[in-house]
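Let's take a walk through this protein, starting with the overall layout and then heading inside. Have the sequence and the model open side by side.

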Amino acid sequence: ILDANYSIKLIKSVKNKDLTEALDIYIHTVDEGSETSTVQIRDYIQNKYNDKREMFFYILYVNNVVVGFAEYGYLPKSKILLIDYICTRPRNHTYFYNFYHMLFEDISEFIKKKNCYIKYIITELSLKKDNQNKYIDIDSNYYRQLFTMEGFKILRTPYYQPYCNIKGELSISDFNLVIKPLINGLFPKTNIDAIFYQEIMTDIYMNHYAAWYEKYMNPNDVNQFFTNLLDRVKKEFTNKI
């Protein structure tokens, strides 16, 4: 019998001996353009910034061997748990589901101690397509299957994932948000309310992305970029979503 012992460890210091190995797995599994600089990730872990949202970085183990890396953010205003990355080597459904549930439990416990709770889990899926109109991002295609099994719903709303391009400037690519409500609410064919969507977008763009990027770029430029992006999303939103 193959005995697999799954464990996760919250990374509290860049001196953690397994961090380099975990980030190596991360670098080699995340889709091109969706990755965050490992220098910035290390900096974030080291400096424990006092942002409006909490960041969580984890190393994933099977039988005490490093098999992955996870990064999550919790936005207290919208009570959203944002999955930035769950990367494993090898890519494996069993690994994914075990870690997904363990990470959720661990973060929920932490948040409850602060008298907060999670209303929604949200993550992003790439909409990059080839000439045949097929989705081409391996990571996103893989997660599209897994998250559907977990009861996530794809929001047919305008959404752009911000990233830092090769020139070191902020740029965007076409993505979908996928959401899992942990409260009664979003059934298939539910229409998303424009105000609700705008509030979520403001929280994600300003308190998750802008809060991160303004530490590594000109804060005024970052703020302007996300203000424009929010305007664009608002303009493109139709009420039949």
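Predicted model: local features only at pLDDT ≥ 70, side-chain atom pairs only at ≥ 80, totals over all residues.

The protein has six helices and eight strands, and if you read along the sequence they come in the pattern β-α-α-β-β-β-α-β-α-β-β-β-α-α. Of the 241 residues in the protein, 47% are buried. Now look at how the chain meets itself: take the contacts between residues at least 6 apart in sequence, and 68% of them join residues at least 24 apart.

On to the inside. In soluble globular proteins, nonpolar side chains tend to be buried together. Here the largest nonpolar core has 47 residues, and those with the most contacts inside it are Phe57, Ile122, Tyr159, Tyr197, Ile204, Tyr205 and Phe226. Which helix gives this core its largest share? That would be H5, residues 194-213, with nine residues. Zoom in on Ile122 and, setting aside neighbours within four places in sequence, you'll find it in contact with Ile80, Leu81, Leu82, Ile83, Leu177, Val178, Ile179, Ile200 and Ile204. There is also a second, separate core of 28 residues, with Tyr58, Val62, Tyr72 and Phe99 among its members.

Now for the rings. A pair of aromatic rings is described by the distance of the centres and the angle of the planes. The count for this model comes to 27 aromatic pairs. Take Tyr44 and Trp212: their ring centres are 4.0 Å apart and their planes are at 5°, and since an angle under 30 degrees counts as stacked, that is what this pair is. Tyr44 belongs to helix H2 (residues 38-47) and Trp212 to helix H5, so the pair ties together parts that are 168 residues apart in sequence. Both residues, Tyr44 and Trp212, are buried.

Compare that with Tyr205 and Tyr209, where the centres are 6.5 Å apart and the planes are at 55°, so the pair is tilted. These two are four residues apart in helix H5, so about one helical turn separates them. Tyr205 and Tyr209 are both buried as well. Elsewhere, ring pairs link Phe96, Tyr97, Tyr100, Tyr143, Phe147 and Phe152 into a cluster.

Next, find Met55 in strand E2, residues 54-62. Is Met55 buried or exposed? Its relative accessible area is 14%, and because buried means under 20%, Met55 is buried. Leaving out neighbours within four places in sequence, Met55 is in contact with Tyr44, Glu71, Tyr72, Gly73, Asp84, His208 and Trp212. That list includes both partners of the stacked pair, Tyr44 and Trp212.

Notes
Residues numbered from 1 in each chain as written. Heavy atoms only, no water. Core = buried A, V, L, I, M, F, W, Y, C linked by side-chain atoms within 4.5 Å. Buried < 20%, exposed > 50% of the residue type's maximum accessible area, 1.4 Å probe, protein only. Contact = heavy atoms within 4.5 Å. Phe/Tyr/Trp six-rings, centres within 6.5 Å; stacked < 30°, edge-to-face > 60°.
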